[in-house]
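This briefing turns to aromatic rings, charges placed over rings, and the packing of helices. Please keep the sequence and the structure in view while reading.

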Amino acid sequence: MSAARRRLLIVEDGHEYEEFVRLFLGERFEVRVAHAAAEATRLAREFQPDALLLDLRFERTPADALEGDADDLAQRRFGGDRARALRHLQDQQGTIVLAQLRAQQCHAPALFVHDFPARRLANLQQLYGAVHAIPAFDAKAMAQVLGA
Amino acid sequence: MRPPRRVGPSTWLLALALQVGVGCEPARTPVDPWPVAQEAFARNDPRAFELWSTLPSDHPAGAAARRRLAQADTHYQEGIRRLAAEDDDGAYREIRRGLDDAPMDPGYYPIIARLYVGRGNDAEAARLFERYLRARPRASDADAVREELRMLSPGASILTDSPLPPPPAAEPAARETPDVPLGAWVALGVLSGLLLAFAGARLVSWLRRRGVSLARLVREQPELHPAIAYLVGSLRHELLKHRVGAAREVLNLLGDGESSPAQRAFLESRLLGGSGSLPLAQAFDAYLRAFERALGGRFDVRSDHSFRAARDAIRVIVDLTPTLATRHTPRRVRRLRAAHAALDAFDTSLKELVDGLIRTDVDSALLQQVVTEVRQEYAPGAVELDSLDVEVGEPIAVEVFRVDLVLVLKNILRNAVLAVGRAPAPRRVRLGVHVALEVTGEETVHIAISDTSDAPLTLAMIRDREFGRGLGLVSAAVDRYGGAISIEPGPAGYVKSVVVSFPCAYNA
């Protein structure tokens, strides 16, 4: 039974995704959890996940632990306002972590629980290959997308 | 022409208080509320928050103040969450970050105070209850808070004191009372009466204007669209999708009689709070306060049917779901399903609202309009150009009101045309649009106005308005819509480009 379980790497700033998956999909997945990009890339190497489940907003992650160049972003997009750039990095951290994982050759299908506009999801798929999104926590849909 | 400034009643009443406070001083120009608000914050005055959040929406500092309040609020909420989870260092860090930005909503004081009570820190709890009562002595829960304070500190001065006087502005220097003739007192009385009548009229007018629904605010104040889009996005993602959505999963299992105690415990934590999160109903109210603060006080949940219905639905879900396992009756399940359906409808209405926010297509029609209007400002031949090209790719939208975008582009183009007019040939100007795909999957629309003038131009010049009001307006308008402006080397054949960038607008 356990041999059939798929390996799932969850990346989030809290524990909600992990709790949900363990409670409702625990029999189908062997789970590892990372709370920051560096930890995620390390686990991706060691654990070789079959699928990724990513939070989008990392509001509880301190600014200095966020992945992404806040100064560059502030200059390019926010008129030099670093606070806005940091806020943006927090709000979009899941996609930035995914970029890191793909750069480390982790190409497992990725799932976000977020209702991305269609064009933005298409952009993510163009950038990162297999990327899926479901609008809300739904165990059945999650299992289906993650191939369990 | 710039419309006359609208001023809220608190501003007028504050101005009135200042007039009365200075006795026989001559009438002053209306008091700018922003320095008063900043000073109150610096003084740690518990009413600083009210002064910040009631800044008129068209005050030059209003948008920045609201942005800072919203930004600080996320830190304060996180601080409370960490405090509840007994992560004191994290809580301190978050609250400190909030205080770097803007004052705390006094509504949080009792919440934090109760957390302190739970941990036996009665002195700090009493201090916060007292602070709350100083900030909001007539709040609907003020009596209850007084009782809580009385239990902790029966001798607290706030329980017997009269409310604080109005926050001081620039304190008048101490002086001797002059010997004022009777005529001056009469004149003062008449003036005060007029001021009172005027303030009353403003108050009535303000009361008529306030308390509008979010949909009406969207129609009437397009400058708030970016803030509304952000707030709605947060509410939908964090609360409706994550917390309510997860709770619904358990409801489905409970309905099938398949839930485990662990799953039910999970549900309770999602609904009733815990693990550092506020209870669902309280979290929803916190979002509503964030809306009201960030939108300048005009949005009022009591005037918004969809928000009221959502709040009612959340109450039903919070009340009924935790006991569903033991009291699983068809009627309760029906009520719960109806509540979830109401929240779905609420979510759909928010999505439709955001889909309808302002957006302007950046296409050749827009750029041609800009070129035509700028060229019409000058007599033919006054500024000889060798070329003025427009290059646009695929049409794409930005969340900027069309009038403002045209204003921004016209000012930059006008500056470019005048600069090349003073420069040797070839005199060329080009408008081009480039869409950049970000690593987040978002797109940024860059509109570049390039020219062949080698006259120096820097961002500091634009922000300092060295070129007059026009480019200063550009900077202000770009900031207002969350965009950016930069000066870059021009493409081949051009010296430099002024580039304005805005996030691409999507349907939600």
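A charge is taken to sit over a ring if NZ of Lys or CZ of Arg is within 6 Å of the ring centre and within 35 degrees of the ring normal. In this predicted model, the charged end of B:Arg428 is placed in that way over the ring of B:Tyr494, at 5.4 Å from the ring centre. The points below are grouped by topic.

**Charges over rings**

- Within chain B, B:Tyr494 carries the charged end of B:Arg428 over its ring.
- The ring of B:Tyr230 has the charged end of A:Arg57 over it, 5.9 Å from the ring centre.

**Aromatic pairs**

- Over all chains, the structure contains eleven aromatic pairs.
- One of them joins A:Phe20 and A:Phe137, whose ring centres are 4.9 Å apart and whose planes stand at 55°, so this pair is tilted.
- Because A:Phe20 belongs to helix 1 (residues 16-25) of chain A and A:Phe137 to the loop between strand 5 (131-134) and helix 7 (139-145) of chain A, the pair ties together parts 117 residues apart in sequence.
- A:Phe20 and A:Phe137 are both buried.
- B:Phe291 and B:Phe299 have ring centres 5.8 Å apart and planes at 50°, and this pair is therefore tilted.
- B:Phe291 is buried, as is B:Phe299.
- One aromatic cluster is formed by B:Phe284, B:Phe291, B:Phe299, B:Phe307 and B:Phe346.

- Helix 4 (residues 82-91) of chain A and helix 4 (residues 62-84) of chain B have axes that come within 12 Å and cross at roughly 45°.
- Helix 4 of chain A is therefore oblique to helix 4 of chain B.
- On the chain A side, A:Ala83, A:Arg84 and A:Arg87 of helix 4 meet B:Arg67, B:Ala70, B:Gln71 and B:Thr74 of helix 4 of chain B.

**Helix packing within chain B**

- The axes of helix 16 (residues 364-376) and helix 17 (residues 402-421) of chain B come within 9 Å, crossing at roughly 50°.
- Helix 16 of chain B and helix 17 of chain B are thus oblique to each other.
- The crossing of helix 16 of chain B with helix 17 of chain B is right-handed.
- Residues in this contact include B:Leu366, B:Val370 and B:Val374 of helix 16 of chain B, and B:Leu405, B:Leu409 and B:Leu413 of helix 17 of chain B.

How values were computed:
Residues numbered from 1 in each chain as written. Chains lettered and ligands numbered in written order. Predicted model: local features only at pLDDT ≥ 70, side-chain atom pairs only at ≥ 80, totals over all residues. Heavy atoms only, no water. Phe/Tyr/Trp six-rings, centres within 6.5 Å; stacked < 30°, edge-to-face > 60°. Helix = DSSP H or I, 4+ residues; strand = E, 2+ residues; numbered from the N terminus. Buried < 20%, exposed > 50% of the residue type's maximum accessible area, 1.4 Å probe, protein only. Axes fitted to C-alpha atoms, helices over the stretch in contact; angles between N-to-C directions. Parallel < 35°, antiparallel > 145°, perpendicular 65-115°, else oblique. Contact = heavy atoms within 4.5 Å. Left-handed = near helix turned anticlockwise from the far one by under 90°.
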